[in-house]
Amino acid sequence: MSALRSIHSSFIRLNIELNVGVEGFNEQTEAISLIGKGQYLKVLNLPLFKKIFTDNSEIKHIIAKYTQQSSTSALVVLDLVNHIIMQLSKNLESFSPEVVKTTVLILGVVFLQLFLQENFTGPSIPFENEKLPLGILRDLLKLNKEASTHILSVGGETAYELMGSPILLVLSVKILEEVSGSSVSVLSKDFIDMDSETFISKCNIVTNPDVVHSSIQWWKSRAYMVFASVLTGEVSLLTLLPIKLLTPNIVSTLIDLQNKNSPENQEILVLYQLESASVNFSAGVDNSVKDALAKAKTASGLQLILTGCKAKRTKFQQTGNHALLVLAKSQDEFLRSTSSDELSCESPEELQLNDEVLLERPYYEPLEEENTLESEEKDSKRVKIDFSFEPILGSEEDSEVKLLPIALNDDEIPPVLKSLDPNNQPQLASLDMAQLLMRLIFIRENTPSNSAMVESELMALVQRITNSKNVNWTIFSKSLWERSLLEASKAKTIERGVLQMQVLVEDLGMNSVKTRMFGQSGDKQNFLQALIDPDNFQVTSNAARLKYIFQLPLTPRWALDSLLAEKLMSIGVIKSALQIYERLNLSVDAALCYALTGDEAQAEKILVERIAAHPSDARALSVLGDVKQSPELWLKSWEVGKYSKAKVSLGKYYYQPPKDSGLTKDLSAAIGHIFDALTRNPVDFETWFFYGCMGIEASNWNLAAEAFTRCVSIDNSSPQSWSNLASALIKLDKNKEAFSSLKSAIRTSQDKKVSSKIWDNFLIVAAKLSDWTSVLLASRELLTLRSNSKSSEEIVDLPVVEKLVQVLLESPYPGSEDSMDYFQKSCVDFICTMLPQVINNSDRSWRIVSRVELWRKRPWMALECNEKAYRAAVNNPELEFNETAWKTAVDACADLVAAFESLGELPGKHGADDLVCKDWKYKAKMTVRSLMSKGKSAWEDSEGWNVLQELKNSLMS
């Protein structure tokens, strides 16, 4: 079992050297090594694989039988593939189950790697060359290409029509599904008809798989990610399946527990975390991406920090200006162990700026040196690998720090990083570079565009990779692409940015020889020679290109060309962008391009022509529906391909019908359509949010609670989702759950302004739960937020404040301010300091403050607050005509007289013989007389007047 584990571990890592032998697995071991070396055709010509596939007479007969048919439709091609796989199983009947599964898996992976090379990384394979030893594969590649492309069009999304050799992906996916024991296929009608949960339950995703099945699930996850990337749009279930397949248990099975901290274990764990980040990124599950990247960093021992330093950016600068810098260093042992398996390949051409002013790269001034012995010893030790697979992120703030740690000053830079030369940092392990690149892509996709600070951070990250030496081809080309996107948004670097994107597109072979702007690399010629004469080449250049392709988001080469068109569109080069779309035969994208420029007639014409040629293109139908605002086209799109965006458009249409439609809002219909969309795309955050908002509007609190629960499970950093979830839970009388949601809403709003509505709900629920510390916190925040309001009733909820004072007064005063607990200190500060600063015209507020001052053994302040309460009441402009205002003033007067009587002769503020109010009786009389004078004309003989008369008489006696 240990040797078998080592074989499959090497297979996952695409290791080129396997120094292990297992009885009955000799050819499989050789095949896995050849796959790592990029010699896929050589695998197909090993004796075992020639016998069971490449030169197998039964499979030849099956193919001949199908090719004789007059029409090779998608169903016919799919049936042919199924029969080939059945024959493969028969050809291996004499072998053990482990050998059979491993052999079939290898065959599926060979087809997958050939497809990736043809459509993602290059160099292109000249399958038409008769010298290539293709065997049966040549006949399969001659099958109807359109039929194979149609097989790969699922979930309302079409596969790219001009992709190379789509039958290879069909074979790979079907083989991996068959060897995994799945009873359903993403290529079958079941994929459209079944709901997500039912389909996943039939995929035979094993909870505790053995070594072979773990390897199968991992490669199946990779195949599904490739499949998802060749579609014109996102199919939610197809992006969800890799997450379900790529479970921690498969890694635990492939790890050698007897030698836990081995380099092989460390590498496979880092691979797992990076691929987990990649698949979750594709599915839009942001929190899982952060968690996976944090664990990848821990597993590899990467030391990383973003800091500031001074740098010169122009040729004529005498002193440096402030700039951002990423310092990164790989763990020494991890770098050594992974570098020994690195593959060489000619890197893409990196264009120079050739600017008269700007330097090619910034020159950084040295940091303070602090290369201590302690830091060196710390780095020389092996990283203790964590195999728990538990989330390591505590709070949202922690996750952001772990995504890109920041040092605000020199003291926060780890010594081992502070000692680095910023202009000549040490070599990084390729997987550590992939980590940096994945962080860059994630930050770019989840931060506001056109932010100068964010772009500076991203440029610092990408420069740490592009300024390195001996960078893997895939990582380097992806880094150049990301740098180009950043440079293309700046006037001084836009030319290089766009031209560099053109170089990368051409390097992948998207342009013909006639339209190339830049020279062709020597890799392609060397690769062709290696295909024809494989014995003279140990490792081919394609191996380096495919080594780390699964650890980064997958982008087929036509998608890069399409992204180049988008960039050209954004800078106003419309004609060139349209030429790219037309060359790529991306009719829908070309139509959208025309629509964005205001030429909706041309957009409609292109879409109509597309639908006439491809009546089952659900995306084209839906986009045409968007252009024409036609519910019939959206319904047809849903009918032919269950295209979720069509249902979203229908939902929005009925929620807010166009004025010329003659319709009124139909909330019930809108909810129904959005529900249908979510059955096909259950990880669409924006659609769930819209669904929840409609639930609130319809007072369907269960629907709203479910919707916003889904929202926070997809992105738990959305304060609006947490707040809306809490609102729904409050209506359902689930106060504890609502309180927890409100806490999350506040936590995720730390960098933003928390709305008063969130604090209002927080206060209400906390009061229901008798959590008075939280009530106090909410009251303080609301007081700050509403301090500019005119009305005191709008600033603070006085009944709540009175309840807080009641809770405070339940405990005796501890004797001094220092002896008070947190609640008491905070409450006293709130009542006696914060409240008077913003509320000075409310008699009720001042009486509240008076009670607290009396509790604090400060009678002089209590009396002063009663005086202020009285002044607030008698200065009410409605006093002469509003009886309520008159009664309030009388009550305030009575309270003040009572305060004079009870507090006047108590010891005063300064001690000794000092009293609170020596002439309290005189002041009390004057207070009563003053109010009687004000109210005589309007309120004489009223009930309040009689009260004042009694007070006057009592003071005279």
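**Asking how we know**

Modeller: Helix α30, residues 587-596, gives 3 residues to the lining of the second largest cavity, the largest share that any element contributes. Please keep in mind throughout that this is a predicted model.

Colleague: What makes a residue part of the lining of the second largest cavity, and which ones are the closest to its centre?

Modeller: A lining residue must have an atom within 4 Å of a cavity point. The second largest cavity holds about 100 Å³ of space, and 13 residues line it, with Thr158, Thr232, Asn585, Leu586 and Arg610 the closest to its centre. Sorted by class, this lining has 4 nonpolar, 4 polar and 5 charged residues.

Colleague: What is the volume of the largest cavity, and how many cavities are counted?

Modeller: The largest cavity has a volume of about 270 Å³, and the count comes to 6 cavities of 30 Å³ or more. There are 16 residues lining the largest cavity, and Thr474, Ser477, Lys478, Thr555 and Leu560 are the closest to its centre. Two or more residues of that lining come from each of α7 (97-121), α24 (473-487) and α25 (494-507), and α24 gives the largest share, 5 residues. The lining of the largest cavity divides into 10 nonpolar, 4 polar and 2 charged residues.

Colleague: Why is α2 called roughly perpendicular to α4?

Modeller: Helix α2 (residues 26-36) and helix α4 (residues 47-54) pack at an angle of about 90 degrees, and their axes are 9 Å apart. Angles from 65 to 115 degrees count as roughly perpendicular, and the value for α2 and α4 lies in that range, so the name applies.

Colleague: How do you know that α2 and α4 meet, and which residues are involved?

Modeller: Contact means heavy atoms within 4.5 Å, and by that test Glu27, Gln28 and Ala31 in α2 meet Pro47, Leu48 and Phe49 in α4. By class, this contact has 4 nonpolar, 1 polar and 1 charged residues.

Colleague: What is the order of the strands in the open sheet, and why do some of them count as edges?

Modeller: The open sheet has 3 strands in the order β2-β1-β3, with antiparallel pairing. Strands β2 (321-329) and β3 (358-364) each have a single partner strand, so one side of each is left without a neighbour in the sheet, and they stand at the edges. From one strand to the next, the twist averages 45 degrees.

Colleague: What makes the phi of Asn470 worth a remark, and where is Asn470 found?

Modeller: Most residues other than glycine have a negative phi, and most peptide bonds are trans. Asn470, in the loop between α23 and α24, has a positive phi, near 55 degrees, and is a residue other than glycine. Gly122 and Pro123 are joined by a cis peptide bond, with omega about -10 degrees, and Pro123 lies in the loop between α7 and α8 (136-141).

Notes:
Residues are numbered from 1 along each chain as its sequence is written. This is a predicted model: local features need pLDDT of at least 70, side-chain atom pairs count only at pLDDT 80 or more; totals for chains, interfaces and linings use all residues. Side-chain values use heavy atoms; hydrogens and water are left out. Axes are lines fitted to C-alpha atoms, for helices over the stretch in contact, and angles run from 0 to 180 degrees between N-to-C directions. Helices (H or I, at least four residues) and strands (E, at least two) are DSSP runs, numbered from the N terminus. Angles under 35 degrees count as roughly parallel, over 145 as roughly antiparallel, 65 to 115 as roughly perpendicular and the rest as oblique. Ala, Val, Leu, Ile, Met, Phe, Trp, Tyr, Cys and Pro count as nonpolar, Asp, Glu, Lys and Arg as charged, and the others, Gly among them, as polar. Two strands pair if DSSP finds at least two bridges between them. On a 1 Å grid over the protein atoms alone, a cavity is a set of points where a 1.4 Å probe fits but cannot get out, and a pocket is an open set with protein on both sides within 12 Å along at least five of seven lines; lining residues have an atom within 4 Å of a point. Grid points are joined across faces, edges and corners, and a volume is the space filled by probe spheres set on the points.
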